[in-house]
Amino acid sequence: MAEKKVTWLELFYDILFVAAVSKATHVLLHADNGVIPIEYLVKFVLIFIPIWWGWVGQTLFINRFGQDIFIHRIFIILQLFFVLLMTASLSPNFDQYYIPFFVGYIGSRALTAMQYLMVHKSKAAHQHSTASYLGTYFLIGISISACSLFFDSWIRYVILYMGIAVDIILPLIGRRHLVKTPIHTPHLFERFALFTLILLGESVISILAVLQFSHWDLPSILFVAFTSLLVIAIWWQYFENVETKVSKEIQTAGQTIIYGHLFIYLSLSMIAASIQLLYQQKLDYPFMLIFVFGSVLLYFLSTSLVFHLYRHKHLRLKPYHLAILLGILGCCIMFDLIYHVPNYAIIGEITVFFIAYAKLTT
């Protein structure tokens with residue numbers, strides 16, 4: 001597989017998504033009467049999915065067809081303006097910012113669809129087939145979402161997200177078109193790893209927020225120490241796998257990487273929010289345990305799936321590895337349900353889990 005490097009413009013493109021991810025994560029900090037209202041949990045997911053899919057759309061085009069040439073640079077620069085508009089309009093108050101969000105998201109997706117439809121004729125026939133399929137059918141999803149402008153109230157959100165859902169599902173339905181032009185595996189892992197780094201940065205921001213309000217007593221010091229170790233353990237587990245354990249020679253449609261990372265990213269945002277919520281003790285104890293350990297479990301299951309399929313066969317985890325890790329999580333939850341433990345102890349338990357996860361998988 002020919003070498004494909006991440007360009008500086010791609011990295012610049014990612015900068016705007018730092019702010020978008022931060023806005024999405026902060027939706028989870030709206031605690032009310034000891035719980036995160038279901039309304040805000042749903043809004044978090046609804047805000048996060050367009051961010052992820054907008055970034056994925058451009059990343060996949062660059063992965064298959066992108067070149068560091070003038071016309072491709074112009075398309076990315078134009079997308080930057082739409083992404084900036086979408087990011088500025090991200091808010092739990094959907095009604096107030098609907099139009100700028102709509103223009104930002106649809107503009108970004110439309111440019112990606114145009115890029116696919118303008119793939120140069122010098123490309124091979126199978127590449128044209130893949131590009132035509134994606135460009136044409138992405139326009140269907142965009143058209144459905146555009147119809148939301150003709151409605152008010154909750155109906156327009158249903159139509160908007162119906163279009164987004166069609167946009168996301170069509171590549172899965174048309175996998176036979178995509179496998180003809182497999183993804184560039186090393187480049188794709190590098191791009192998703194860079195976005196993971198952005199999400200991990202949210203946990204670092206949460207640590208800084210804790211430090212800002214810390215009283216520097218023993219529980220606070222332990223909380224910060226365990227949280228710092230937690231972030232390092234997550235970093236070690238993820239990036240050591242990407243760097244040394246997965247096969248970069250496997251050529252597929254990349255859909256396990258793409259869709260599996262949605263759940264990795266959601267879980268990392270939830271873990272980042274958990275750090276602040278735990279320290280500020282805004283949540284009822286039972287809900288806090290469900291949210292915190294649910295976030296960790298989601299990360300564990302999604303990373304296990306993504307890395308398992310791309311690991312070298314002799315490095316794949318055995319069932320007893322999964323049993324050990326699930327056993328650690330289960331024991332921690334059971335213990336915490338029986339005994340009311342302080343917040344730093346919960347963070348300590350999660351840290352132990354991630355250290356074990358990193359050790360067994362790297």
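Me: How many disulfides does the structure hold?
Reply: This is a predicted model. A disulfide is a covalent bond between the sulfur atoms of two cysteines. A pair counts when the two sulfur atoms are within 2.5 Å. The number of disulfides that the structure holds is 0.

Me: Which cysteine has the sulfur nearest to that of Cys332, and how far away is it?
Reply: Cys332 is buried, with a relative accessible area of 13%. Cys332 is in no disulfide, because the cut-off for the pair of sulfur atoms is 2.5 Å. The nearest cysteine sulfur belongs to Cys331, at a distance of 7.0 Å.

Me: Is Cys147 buried, partly exposed or exposed?
Reply: The relative accessible area of Cys147 is 35%. Buried means under 20% and exposed means over 50%. Cys147 therefore falls in between and is partly exposed.

Me: What is Ile346 in contact with, leaving aside its neighbours within four places in sequence?
Reply: Leaving aside neighbours within four places in sequence, its contacts include Asp336 and Val341.

Me: What is the volume of the largest cavity?
Reply: A search of the whole structure finds 4 cavities of 30 Å³ or more. The largest cavity has a volume of about 120 Å³.

Me: Which element gives the most to the lining of the largest cavity?
Reply: The largest cavity is lined by 15 residues, and the closest to its centre are Trp53, Leu60, Phe138, Pro171 and Ile258. Helices H2 (38–65), H4 (98–117), H5 (125–146) and H10 each give two or more residues to this lining. By class, the lining has 11 nonpolar, 2 polar and 2 charged residues. The element that gives the most, with 5 residues, is H2.

Me: Which element gives the most to the lining of the second largest cavity?
Reply: The second largest cavity has a volume of about 100 Å³. Among the residues that line it are Leu46, Ser89, Phe94, Tyr98, Phe101, Leu160 and Tyr161. Two or more lining residues come from each of H2, H4 and helix H6 (153–173). The element that gives the most, with 3 residues, is H6.

Me: How many charged residues does the lining of the second largest cavity have?
Reply: By class, this lining has 10 nonpolar and 2 polar residues. The number of charged residues in the lining of the second largest cavity is given as no charged residues.

Me: What value is the phi of Ser153 near?
Reply: Most residues other than glycine have a negative phi. Ser153 is found in helix H6 and is partly exposed, with a relative accessible area of 42%. Its phi is positive, near 55 degrees.

Me: Where is Gln281 found, and what value is its phi near?
Reply: Gln281 is found in the loop between H10 and helix H11 (285–310). With a relative accessible area of 56%, Gln281 is exposed, because the cut-off for that class is over 50%. The phi of Gln281 is a positive value in a residue other than glycine, near 50 degrees.

Me: How far apart in space are Leu149 and Leu160, C-alpha to C-alpha?
Reply: Leu149 lies in the loop between H5 and H6 and counts as partly exposed at 45% relative accessibility. Not counting residues up to four places away in sequence, Leu149 touches Tyr98, Ile99 and Phe102. Leu149 and Leu160 are 11 residues apart in sequence, and their C-alpha to C-alpha distance in space is 8.7 Å.

Me: Which residues does Gly163 touch, not counting residues up to four places away in sequence?
Reply: Gly163 has its place in helix H6 and is buried, with a relative accessible area of 1%. Gly163 and Phe138 are 25 residues apart in sequence and 9.2 Å apart in space, C-alpha to C-alpha. Not counting residues up to four places away in sequence, Gly163 touches Gly141, Ile144 and Ser145.

Key:
Residues are numbered from 1 along each chain as its sequence is written. This is a predicted model: local features need pLDDT of at least 70, side-chain atom pairs count only at pLDDT 80 or more; totals for chains, interfaces and linings use all residues. Side-chain values use heavy atoms; hydrogens and water are left out. Contact means heavy atoms within 4.5 Å. On a 1 Å grid over the protein atoms alone, a cavity is a set of points where a 1.4 Å probe fits but cannot get out, and a pocket is an open set with protein on both sides within 12 Å along at least five of seven lines; lining residues have an atom within 4 Å of a point. Grid points are joined across faces, edges and corners, and a volume is the space filled by probe spheres set on the points. Helices (H or I, at least four residues) and strands (E, at least two) are DSSP runs, numbered from the N terminus. Ala, Val, Leu, Ile, Met, Phe, Trp, Tyr, Cys and Pro count as nonpolar, Asp, Glu, Lys and Arg as charged, and the others, Gly among them, as polar. Buried means under 20% relative accessible area, exposed over 50%, partly exposed in between (1.4 Å probe, protein chains only).
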